[in-house]
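This report describes a protein chain together with its ligand.

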Amino acid sequence: MSLELSSKSHRELLSSSYLERVESWGMSIYAASYVYRPSCITDLKNIFKLAKETGRSVALRGAGCSYGDASLNSENITLDLTRFNRILDWDPYSGIIAVEPGVTLEQLWKKVIGDGWWPPVVSGTMYVTMGGAVGMNYHGKNNFKLGPIGEHVLEFDILLPTGETITCTRKNETDLFYSAIGGFGMLGCFTRIVLQMHPVETGQVEVTAFATDSFQHIYEEFEQRAEAADYLVGWIDCFAAGSQLGRGQVHAARYLSAHEVYLPEQTLRIENQDLPDTLFGIVPKSIMWRFMKLAANPLGMRIINSSKYALGRTIGNNKTMNQSLTGFSFLLDYMPGWKRVYSPGGLIQYQSFIPNENAVKCFEQQLMICQKRGIVPWLGVFKKHRKDDFLMSHAVDGYSLALDFPVNDSNREQLKSLTDELNSLVIQSHGRFYFAKDCTLTKDIAAKFLGEKTLRCFARLKKKCDPQNILQTDLSRRLFGDWTQFADDLTGSRI
Ligand SMILES: Cc1cc2nc3c(=O)[nH]c(=O)nc-3n(C[C@H](O)[C@H](O)[C@H](O)COP(=O)(O)OP(=O)(O)OC[C@H]3O[C@@H](n4cnc5c(N)ncnc54)[C@H](O)[C@@H]3O)c2cc1C
C-alpha cells in the first residue's frame, strides 16, 4: 500500500491511526510512535519530507531485534523497513548478493546455501534484517576470525534525509562507508546492500564442547583454540561464586569439508537446515517457554545453570558432534518466544567489550559486583573479538561478556545503580559498548568510550548528511542529544 502522501494532509498522516506501541526486543521499554511501512523509495523520501515540514524526527527500524531503545522514537516517526524485502541480485559463482535492507538473515541464508555459500557473519537469531545488521555492524561467534558484517559489505546505497542517494564503497565515499556501517541509522537509510558470502563445502560444522573452571581457564582455552576454530563461544554460569567464579562451557566449531561428511550436497539443502518445530518429534517448541517460565526466578535459574554446568562437566565434557550450520548458529531460535520467560517486565542485556589484558579481571569483578548486590544475570555469554576500522566500532582486541538480567518493577532502580557501577568499571578497563544491546549508558560514558575525536568526526558527517537532524532515536537522544556539542571543526581529522 502506498502512503499516498500527496493525497493526505499532514494532519491525517500524523493522526492516531498511525500511532503504535513499539517495543524494544527485550520488552523492558517501549515508545508510542507514528509508524509507516513504505515499500518504495518515493514513500521513504515523502516521509523525510513530512518529518521536515512538521518538525518531527524519524527512526529507522528493521526487525526491532535490538535489545534496547536503538530503534524506538517516542512521539515521533518510525520507518519500519521490513517491506523492503527483495533480493535484488545473486551470483552463485562469485557469492556476491545485493539485497534491500528489509531482507532478513533467514532469507539470506536460504537463498545462498544451496549454491555452497553461507553468510560470513551471523547473529544469534536469523530474524534480523540486513539493514539493521549493517546499521549496527553486528558480529558473530567468529568475530575474532572474520570481523563484523561490515568487513563483508562491498557496496551500499544510502538515502540521506536530504533526498540524495549516495553509493558507497571502500574507495568511493570512504568516510561515509566506514561511518554509516555501525552508524546506528543516524546518517541515512540503506536502500541496497551488496555483500560477499562465505564459501562452504557442506552445511555442517563439527562442534566440540568442554567445561571450563574459571574466567582465566576459558580465556586460555579461547586463546589456544582460536587458530584452529572457525567459531568459538562460551557460556558462563553467573551464579557460581568463590573458586568457581566464571565457570562455564565452551563450544568450538569448524566448518566440515566435503570429504568429511556423508552426502555433502544433501547437507546444503534448506530442508536439512531448518530448525525442527517439535522437541523429540512430539512437543511443539512454541510452548516450551511456558515450562521454562516455571523456573523464571533466581532459585530456578541457579538450579538450571548449575545443572547445565554439571552435565557439561560430566557426560558432555570433550564431546564432539556434527551439527547443521543453522542449529549451531541460531541456538536462540530453537525455542520460539523464549524471551517471554522474562515477561511481563522483560530483560536487558548488558554486553561489554574488554581488551585482552584486562578482560579476565574485569569480568571477574563484574560478576562479583552482581552477586554482592544480589542481582545475578540469568545467562552469561563469552566471545572473542578483534578490532575493526569502523568509526563507531564496538569491538576491541579482546573479549565480551553478555549478561541477561530480568527486569521487573521492583528491581529497575537497583539495576540502574548496578549497571552504573559496571559501566564505570568498563571505562576503567578501557572497554567499549554496543548500541544494539544498550539501554544503560549515559552521555558521559558514551563520550568516554568513543572519545572526543570520534564523536566530532561522526557529528561532522551527521551535519553533512542530515543537516536538520531528522534521524534520531530514543538511544541517540539519550546518548548524544542533538549532536551540537560535538560539531566543532576538526582540522586534520580523517573525515
Ligand atoms: C536473540 C538475539 C540474538 C542476537 N545476537 C547477536 C549477536 O550474536 N551478535 C550481534 O552483534 N548482535 C546480536 N543481536 C543484536 C542484533 O543483531 C542487532 O540488534 C541488529 O541490529 C538487529 O537488526 P534489526 O533488523 O532487528 O534492526 P533494528 O533493531 O530494528 O535496528 C538496529 C539499528 O539499525 C538501524 N537501521 C535499521 N534499518 C536501517 C537501514 N535500512 N538503514 C540504516 N540504518 C538502519 C536502526 O535505526 C537501529 O539503529 C541479537 C539480538 C537478538 C534479539
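## The shell around the ligand

In this predicted model, helix H4 makes the greatest contribution to the shell around the ligand, supplying four residues. H4 spans residues 130–136, and together with strand E3 (58–61) and strand E10 (189–196) it belongs to the elements that each provide at least two shell residues. The ligand has 34 residues around it, of which Leu60, Cys65, Ser66, Thr129 and Tyr434 come nearest. By residue class, the shell holds 17 nonpolar, 14 polar and three charged residues.

A polar backbone atom of Gly62 lies 2.7 Å from a ligand oxygen atom. For the side chain of Lys383, the distance from an N or O atom to an oxygen atom of the ligand is 3.2 Å, and for the side chain of Ser71 the corresponding distance is 3.3 Å. The ligand on its own has 970 Å² of accessible area, and the protein covers 98% of this area.

## Overall fold

The chain contains 16 helices and 21 strands. Its C-alpha trace spans about 65 × 55 × 50 Å along the principal axes. The radius of gyration is 22 Å, which agrees with a compact globule, because a globule of 495 residues would have a value near 23 Å.

Of the 495 residues, 57% count as buried. The accessible surface of the chain comes to about 20700 Å², and carbon and sulfur atoms account for 53% of that surface. Considering contacts between residues at least 6 apart in sequence, 72% join residues at least 24 apart.

## Buried leucines

Leu195 is located in strand E10, one of the elements that supply the ligand shell. With a relative accessible area of 0%, Leu195 is buried, because the cut-off for that class is under 20%. Beyond residues up to four places away in sequence, Leu195 touches Gly95, Ile96, Ile97, Leu108, Met130, Ile149, His152, Val153 and Leu154. Leu195 and Phe330 are separated by 135 residues in sequence, and their C-alpha atoms are 20 Å apart in space.

Leu81 occupies the loop between strand E4 (77–80) and strand E5 (87–91). Its relative accessibility is 7%, so Leu81 counts as buried. When residues up to four places away in sequence are not counted, Leu81 touches Leu44, Leu60, Arg61, Gly102 and Cys189. Among these partners of Leu81 is Leu60, which is also one of the residues that come nearest to the ligand. Between Leu81 and Leu146 there are 27 Å in space, C-alpha to C-alpha, and the two are 65 residues apart in sequence.

## A buried aspartate

Asp237 is placed in the loop between strand E13 (231–236) and E14. Its relative accessible area of 0% means that Asp237 is buried. The side chains of Asp237 and Arg247 are joined by a polar contact of 2.8 Å. Apart from neighbours within four places in sequence, Asp237 is in contact with Arg247, Gly248, Asn305, Ser306 and Tyr309.

## Backbone geometry

Most residues other than glycine have a negative phi, and most peptide bonds are trans. Leu263, although not a glycine, has a positive phi of about 50°. Leu263 sits in the loop between strand E14 (248–255) and helix H8 (264–267). Its relative accessible area is 45%, so Leu263 is classed as partly exposed.

His430 also has a positive phi, near 60°. This histidine lies in the loop between helix H13 (412–428) and strand E21 (432–433).

The peptide bond from Ser343 to Pro344 is cis, with omega near 5°. Pro344 belongs to the loop between helix H11 (325–329) and strand E18 (347–355).

Terms used: Residues are numbered from 1 along each chain as its sequence is written. This is a predicted model: local features need pLDDT of at least 70, side-chain atom pairs count only at pLDDT 80 or more; totals for chains, interfaces and linings use all residues. Side-chain values use heavy atoms; hydrogens and water are left out. A residue is near a molecule or strand if one of its heavy atoms lies within 4 Å of it. A polar contact is a pair of N or O atoms within 3.5 Å; within protein, one must be able to donate a hydrogen and the other to accept it, and residues adjacent in sequence count only if both atoms are side-chain atoms. Accessible areas come from the Shrake-Rupley method with a 1.4 Å probe; for residues, only the protein chains shown count as cover. Ala, Val, Leu, Ile, Met, Phe, Trp, Tyr, Cys and Pro count as nonpolar, Asp, Glu, Lys and Arg as charged, and the others, Gly among them, as polar. The radius of gyration is taken over C-alpha atoms; the globule rule is 2.2 Å times the number of residues to the power 0.38. Buried means under 20% relative accessible area, exposed over 50%, partly exposed in between (1.4 Å probe, protein chains only). Contact means heavy atoms within 4.5 Å.
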